Structures are given as C-alpha cells and as structure tokens.
Amino acid sequence: MNKVTVDTLTYEQLAKMFDHAILKPEQTTADVEKGCALAKEYNVKSVCVKPCDVKQAHELLQGSDVLVGTVISFPHGNSPTSAKVAEALQTVADGAIELDIVLNIGHLKSGRVDECQQELKTIMDACRAKNPRVIFKIIFENAYLTKDEIVTACKLSVAAGAEFVKTSTGFASSGATLEDIALMRASVPENIEVKASGGIKSLDQVVDLMNHGATRCGSSGTDKIIDEFKQRRGL
C-alpha cells in the first residue's frame with residue numbers, strides 16, 4: 001500500500017472517507033437537517049444518524065450521492081437478538097443502506113463467540129432479505145477488549161458476513177488507535193474494510209489512520225477536518 005500524505009490525497013478521497021456522525025443523544029431534528037446539509041455540501045460518503053432519524057435523513061438526502069447510515073443496539077450492544085433484528089429491519093424500511101451494529105460485548109468477553117457470530121448473521125440475513133444492497137459494519141468497542149478479543153471479533157464478523165469491522169462507538173473511554181487499526185487490518189481479508197471511529201479530530205490523524213489500514217472514518221468533526229485539508233492545500 002502506497003503511503004498517503006496530505007499532498008497526495010485528493011479532495012474526493014478524503015471526503016469519501018467520512019461517515020458524518022449525528023449520534024449524540026441531545027441532537028435534535030434540526031441538528032439532523034444541519035448535518036445532512038453539511039454532508040451534501042462536503043460530498044462525504046454517508047451520514048450516520050440515530051435509528052429514529054433515518055427516515056428524516058433519507059428524505060433530506062434524496063437525489064444526492066450521500067448514503068444514509070445508522071446504528072443498531074447502540075452504544076452497548078446488549079439488546080436481545082429479536083430487538084436488534086426489529087430495529088435493523090425498521091431502519092432498512094426507513095431508508096438506511098449502511099448499518100453499524102454493536103457486537104454483544106459482554107457475551108464476546110464471556111467466550112460465547114458462536115452465539116455472537118450467529119446473532120450478527122441473523123440480523124444481516126433478515127435485512128438482506130429486504131434489501132440485498134445493505135452494508136454492515138460491526139462495532140467492537142475496543143476500549144473494552146483485549147487484543148486477542150479484537151482478533152476474535154474480526155474473525156466472527158467476517159464469518160457472519162459483514163463488509164466492515166469498526167473500532168468504537170465514540171461513547172467509550174477511548175476510540176480509534178493506530179495500533180488497533182493495524183491489528184484489525186491484519187486480522188481480516190483484503191476485501192473487508194476497516195472503519196475508525198471515536199476521537200477523530202484532525203487531518204493528520206485521519207492520514208495516519210489511512211496509512212495503518214482504515215478505509216472509512218466516523219466523525220462529528222467532518223467539516224473541520226476537510227476545511228483543514230482545503231486550507232493546507234490552498235483549495
């Protein structure tokens with residue numbers, strides 16, 4: 001992989017790295033409107049909104065290239081499988097095309113690996129029956145996991161059929177680290193993507209994450225990072 005630098009990065013490459021996050025519990029429908037307008041202005045890859053806001057985001061982004069993403073069993077992953085399936089199906093019906101599902105962290109740490117894998121497969125199978133184009137990202141919450149557990153989470157996510165593995169919700173004690181991104185990249189096949197999330201605030205940080213294997217970033221500071229790029233490149 002060729003090393004990425006601020007000078008070699010194009011605007012589109014950077015913008016399409018971003019899932020613009022609108023996930024804080026206090027954010028309002030007006031914040032969703034503002035965030036979707038920002039996403040269209042900067043032409044990012046997607047917005048990631050709360051499940052209750054998917055329908056609004058879908059309506060706001062009609063006719064644009066920006067995808068609608070959401071989160072399932074967020075931020076702790078501790079809902080029963082039936083609830084996760086119901087939530088996921090509702091978001092697909094409302095227009096979500098990318099679903100970031102929180103792994104059952106406690107059950108993973110309890111060694112119930114097969115159960116965690118089967119749960120993810122159950123959710124994905126149900127959604128793909130409704131829309132086979134839906135993309136799935138599995139959130140691990142690495143702040144709570146050992147390195148061995150991160151590797152296990154990578155393997156079970158791939159076996160379940162996910163397209164992405166993802167570091168964090170952004171609501172734990174720590175988020176994406178270069179070490180974890182490199183470990184996750186090394187623990188999944190080349191066709192599986194790696195999403196960094198949590199604490200991503202600067203352009204240099206995004207470039208470092210890309211060079212360690214990240215192919216997507218979740219951030220609520222999308223505009224500030226892209227503006228920094230434009231300023232440094234004189235665009």
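Ser 187 is found in helix α8, and it is buried, with a relative accessible area of 13%; buried here means under 20% relative accessible area, exposed means over 50%, and partly exposed lies in between, with a 1.4 Å probe and protein chains only.

Before going further, a word on where these values come from. This is a predicted model, in which local features need pLDDT of at least 70 and side-chain atom pairs count only at pLDDT 80 or more, while totals for chains, interfaces and linings use all residues. Residues are numbered from 1 along each chain as its sequence is written, and side-chain values use heavy atoms, with hydrogens and water left out.

Let me turn to the overall picture. The protein has ten helices and eight strands, where helices (H or I, at least four residues) and strands (E, at least two) are DSSP runs numbered from the N terminus. Its radius of gyration is 17 Å, close to the 18 Å that the globule rule gives for 235 residues, so the protein is as compact as a globular protein of that length; the radius is taken over C-alpha atoms, and the rule is 2.2 Å times the number of residues to the power 0.38. Along the principal axes, the C-alpha atoms fill a box of roughly 50 × 35 × 30 Å. Of the 235 residues, 49% count as buried, and among contacts with a separation of 6 or more, 70% are between residues 24 or more positions apart. The protein exposes about 10,400 Å², with 50% of that supplied by carbon and sulfur atoms, as computed by the Shrake-Rupley method with a 1.4 Å probe.

How are the strands arranged? There is a closed barrel of eight strands, running β1-β2-β3-β4-β5-β6-β7-β8 with parallel pairing, and two strands are said to pair if DSSP finds at least two bridges between them. Neighbouring strands of this sheet are turned by 25° against each other on average, direction ignored; for such angles, axes are lines fitted to C-alpha atoms, for helices over the stretch in contact, and the values run from 0 to 180 degrees between N-to-C directions.

We can follow part of the barrel strand by strand. Strand β4, residues 98–102, pairs with strand β5, residues 135–139, in the parallel sense over five bridges; Glu 98 stands opposite Ile 135, and Leu 99 has Phe 136 as its bridge partner. Strand β5 is mostly covered, with four of its five residues buried. From β5 we pass to β6 through three bridges, again parallel, with Ile 139 partnered by Lys 166. Three bridges likewise join β6 to β7, which run parallel, and here Val 165 has Val 194 as its partner. Four of the five residues of β7 are buried, so this strand is largely enclosed by the rest of the structure.

What about the interior? A nonpolar core is a set of buried Ala, Val, Leu, Ile, Met, Phe, Trp, Tyr and Cys residues joined through side-chain atoms within 4.5 Å. In the largest of these, which has 69 residues, Phe 18, Val 47, Leu 99, Leu 103 and Phe 140 touch the most other members.

Finally, some details of the backbone. Most residues other than glycine have a negative phi, and most peptide bonds are trans. The peptide bond from Phe 74 to Pro 75, however, is cis, with omega near 5°, and Pro 75 sits in the loop between β3 (67–72) and α4 (81–94). In the loop between β3 and α4 we also find Ser 73, which has a positive phi of about 55° although it is not a glycine, and which is buried, with a relative accessible area of 5%. Asn 43, in the loop between α2 (29–42) and β2 (46–49), has a phi near 55° and is partly exposed, with a relative accessible area of 30%.

Technical notes
Contact means heavy atoms within 4.5 Å.
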